[in-house]
Amino acid sequence: MDTAAIILTGGRSSRFSGRHTPGIEIAGIPVIASLLATVEAAGVGEIIVCGSAAGIDASVRARVQVVAEEPAFGGPLHGISCALAALPAGERIILVLAGDMPAITASLLDRLRESAAAASPAAAVDPSGRVQFLCAAWPEATLRDALTGVGPTAGRPVRALYGSHNVTLIPASAAELIDIDTPADLARAARAADDD
């Protein structure tokens, strides 16, 4: 089944004094560049980045559609809505990914979309039981219906999208689900990159 990816890069990065988190380099590579390389390696056909394009190399930028979040800083649920509005309706699996996750693997993306192909959303869960709702896969029609059911999305939590749906949890390692929310997260991601 065809796959598209929505990657969210529209946050304020307030814990980094406004420094765009997906553009921060780990081992010399911007976080967003690492994520995009993995998404492309997984064979995703269409990629929509909602928010800032900072950190995306010009050669990759030509293969990615960047859309603005209007209004800006409306939150991840709103970013998903804005990105999906820019994607003509089809029969795809839609990967929904936070743009600050440098260590997601193609294997994890494959497991998510294989599960979502069975007609219900799938989200990654780490060994502690924490569900990462922004490392997920949805059947496109289900995602569009869920967004319609939520109503206005600006300022709403992303969990609202999942309220009435059974979600299949796909186990992932803690390393795969590192997201760069704080300087401590960045240091942990850098250590993990050094270990590789």
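Predicted model: local features only at pLDDT ≥ 70, side-chain atom pairs only at ≥ 80, totals over all residues.
The strands are arranged in an open sheet of seven, with the order 5-4-1-6-8-7-9 and mixed pairing. Strand 5 and strand 9 form the edges of this sheet, each of them pairing on one side only, and the twist from one strand to the next averages 25°. Within the sheet, strand 6 and strand 8 run antiparallel and are joined by five bridges; isoleucine 93 stands opposite proline 139 of strand 8.

Helix 4 lies across strand 1, strand 6, strand 7, strand 8 and strand 9, and runs at about 50° to strand 8. Helix 5 also packs on the sheet, where it touches strand 6 and strand 8, and its direction makes about 115° with that of strand 8.

In helix 4, which spans residues 106-116, the buried residues are Leu108, Leu109, Leu112, Arg113, Ser115 and Ala116. When the helix is seen down its axis, these buried residues fall within an arc of 160°, and they therefore line one face of helix 4. Their packing partners are strand 1 (3-9), strand 6 (93-98), strand 7 (122-125), strand 8 (131-139) and strand 9 (168-171), together with helix 1 (31-41).

Helix 3 is largely enclosed by the rest of the structure, because seven of its ten residues are buried. These buried residues are Leu77, His78, Gly79, Ile80, Cys82, Ala83 and Leu84, and they pack against strand 1, strand 4 (46-51), strand 5 (65-67), strand 6, strand 8 and helix 5 (140-150). Leaving aside residues up to four places away in sequence, serine 81 touches Leu147 and Thr153. Serine 81 and leucine 147 are 66 residues apart in sequence, but their C-alpha atoms are 6.9 Å apart in space.

The count of aromatic pairs in the model comes to two. Phenylalanine 133 and tyrosine 162 form a tilted pair, with 4.5 Å from centre to centre and 50° between the planes. This pair links distant parts of the chain, since phenylalanine 133 belongs to strand 8 while tyrosine 162 is in the loop between helix 5 and strand 9, 29 residues apart. Both partners are buried: phenylalanine 133 has a relative accessible area of 14%, and tyrosine 162 has a relative accessibility of 6%.

Aspartate 100 is found in the loop between strand 6 and helix 4. Despite this loop position, aspartate 100 is buried, with a relative accessible area of 13%. When residues up to four places away in sequence are not counted, the contacts of aspartate 100 are with Thr21, Pro22, Val31, Ile178, Asp179, Ile180 and Asp181.

Methods. Residues numbered from 1 in each chain as written. Heavy atoms only, no water. Buried < 20%, exposed > 50% of the residue type's maximum accessible area, 1.4 Å probe, protein only. Helix = DSSP H or I, 4+ residues; strand = E, 2+ residues; numbered from the N terminus. Arc of directions from axis to C-beta. Contact = heavy atoms within 4.5 Å. Phe/Tyr/Trp six-rings, centres within 6.5 Å; stacked < 30°, edge-to-face > 60°. Pairing = 2+ DSSP bridges. Axes fitted to C-alpha atoms, helices over the stretch in contact; angles between N-to-C directions.
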